[in-house]
Amino acid sequence: MKKTLFLLAVIAIAVVFFWKPSASDKPSLLSVSGPFEFSSQDLSKDGFLFSRLQVVEALIGINDQAQPYPLLAQSWQQSEDGLRWVFEIRPNVVFHDGQPLTAQAVVRSLSRAVNKPGVIRQVPIESITAENEALVITLQRPYRPLLSVLAHYSTAIISPSSYHENGHVNRLQGTGPYKIDQLQAPHKAQVMRFDRYWGTPAAIEKVEYLTGHRSESRALLAQTGQADIVYTLDPISIPALQQAKNVQLHIESMPRTVLIKVNNAHPFLSHKSVRQALSFALDRQGMAESVLRLPQSHAYQLFSPALGSWHLPTLSGEQRQLEKAQQLLTDQGWQKNAQGFLEKSGEVFRVQLLTYADRPELPLLATAIQAQWRELGIDVQISIDNSSAIPAKHHDNSLELALIARNFGTLADPLPLLMEDFATEKGSDWGPMHWSSDLFSQQLDQLVTESDPEKYEQLAQQAAHILADEMPLIPVTYYQQIIAVNRQIHGFSFDPFEINYRLSEMKFHD
């Protein structure tokens with residue numbers, strides 16, 4: 001009897017220490033949290049979410065080195081005059097509704113995208129047609145960044161059944177490794193594995209995306225294991241997350257710049273010397289180290305090194321130059337009054353700096369900027385609002401200054417974004433406001449059609465120099481994405497262009 005009890009005890013201990021769960025015992029739901037809401041299935045508005053969740057795919061992919069690679073287009077050719085592009089559509093691909101991917105379906109999807117807001121609208125397209133199982137795009141004139149445009153989420157290819165008869169997308173059917181399971185706008189989306197995916201199927205069965213505006217709340221989700229991956233965290237959360245045993249912290253560089261959007265038509269801000277003074281008065285290194293706690297993230301130009309031709313390697317970062325800033329403002333007629341504020345013609349240099357809390361570091365940086373410009377004699381009033389307030393105030397011309405995070409790596413080449421941003425003197429929602437330069441516009445036009453890489457880089461450098469001198473947008477820091485990943489997750493990697501979360505490449509540890 002004693003021997004029997006002893007054997008049973010040994011077996012029990014063996015079960016506790018050596019038993020491993022079967023595949024059916026593994027988690028089947030991956031929880032992802034980020035700060036941004038969604039309101040529709042319209043790719044021109046909320047396609048970023050469905051691209052990141054790998055519900056939709058584009059013709060072209062972009063790798064970490066900003067190079068295009070075949071996705072739904074398995075190959076492509078360009079005519080010698082640069083006007084005709086032929087894309088061979090990948091065979092044996094089906095949409096989530098079971099319909100086959102055809103060249104005609106691609107034509108319909110891209111034709112609808114052309115009629116929506118988005119980067120493809122600036123492409124000088126003559127026609128989009130299907131020839132057998134190839135897509136043919138004919139241009140009115142050469143357009144160098146076409147491949148980058150065709151990698152954008154707004155040009156993802158979706159099934160004809162996705163559209164309601166009124167033209168709106170009400171049942172998004174893509175080709176990705178995940179398909180939509182449930183949508184609860186604006187805070188929750190759930191996708192599930194698409195078993196007929198043309199590529200390597202996803203290992204994880206379901207993925208849930210949860211929106212949370214407050215960074216500290218999302219950091220807590222990571223610490224408690226309620227979320228497996230949490231994006232866009234506050235630098236203040238770094239120490240606590242580094243101590244959490246269940247979390248691995250990733251701090252990734254990306255081609256996004258925190259900058260000050262300027263109303264260049266404002267009477268106080270219209271002269272470039274004033275904008276230069278505002279730039280010289282910024283202690284960028286101090287903010288990078290003490291506010292962001294991310295040394296080496298300070299930015300003296302708009303384009304990070306990741307953007308190749310557009311980054312100015314000869315433009316070295318300068319320390320704060322408060323005296324130089326003061327002299328520039330004095331030359332413009334500004335003098336300090338008895339209260340220590342700059343004044344000219346009876347008006348105090350008082351401006352509003354608008355920002356938003358979706359990116360938690362922005363209010364912290366705004367407070368630092370307020371203090372630094374106060375030393376210069378400028379009265380800065382901070383307003384924290386929803387991010388939607390910035391384009392709204394841009395359009396009604398009430399915006400003075402705004403602290404924003406601008407992603408110049410939405411496309412592998414920032415040229416299409418710049419063409420859209422600087423298309424008119426009024427500018428764009430998240431780009432410049434009331435600034436133009438004939439020389440800069442000419443250089444953009446040349447860049448669009450330039451096929452020689454060396455000439456392209458030379459023109460890009462010249463254009464970047466104009467922006468660095470005129471300061472229609474004032475760079476502050478380069479953005480670094482802070483991500484908390486549960487240690488149960490294997491295969492996590494970060495896409496610096498934020499096209500997708502690479503969820504299908506991940507799995508739970510055995």
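Reader: From which domains does the lining of the second largest pocket draw at least three residues each?
Author: This is a predicted model, in which local features need pLDDT of at least 70 and side-chain atom pairs count only at pLDDT 80 or more, while totals for chains, interfaces and linings use all residues. Residues are numbered from 1 along each chain as its sequence is written, and side-chain values use heavy atoms, with hydrogens and water left out. A pocket is an open set of points on a 1 Å grid over the protein atoms alone, where a 1.4 Å probe fits, with protein on both sides within 12 Å along at least five of seven lines, and lining residues have an atom within 4 Å of a point. With bounds from an automatic or database domain assignment, the contributors of at least three residues each are domain 1 (56-162) and domain 3 (254-479).

Reader: Which elements give two or more residues to the lining of the second largest pocket?
Author: Helices (H or I, at least four residues) and strands (E, at least two) are DSSP runs numbered from the N terminus. By class, the pocket lining has 17 nonpolar, 10 polar and six charged residues, where Ala, Val, Leu, Ile, Met, Phe, Trp, Tyr, Cys and Pro count as nonpolar, Asp, Glu, Lys and Arg as charged, and the others, Gly among them, as polar. The elements that each give two or more residues to this lining are helix H4 (146-149), helix H13 (438-449) and helix H14 (453-470).

Reader: Which helix supplies the largest share of the lining of the largest cavity?
Author: A cavity is a set of such points from which the probe cannot get out, and a search of the whole structure finds five of 30 Å³ or more. The largest holds about 150 Å³ of space and is lined by 16 residues, with Leu-43, Ala-113, Lys-116, Ser-154 and Tyr-163 nearest its centre. Helix H2 (43-52) and helix H3 (103-114) each supply at least two lining residues, and the largest share, three residues, comes from H3.

Reader: Which strand gives the most to the lining of the second largest cavity?
Author: About 80 Å³ of space lies in the second largest cavity, whose lining has eight nonpolar, two polar and one charged residues. Among those lining residues are Thr-477, Tyr-478, Tyr-479, Gln-480 and Ile-482. The largest contribution, five residues, comes from strand S19 (residues 473-486).

Key. Points joined across faces, edges and corners; volume = space filled by probe spheres on them.
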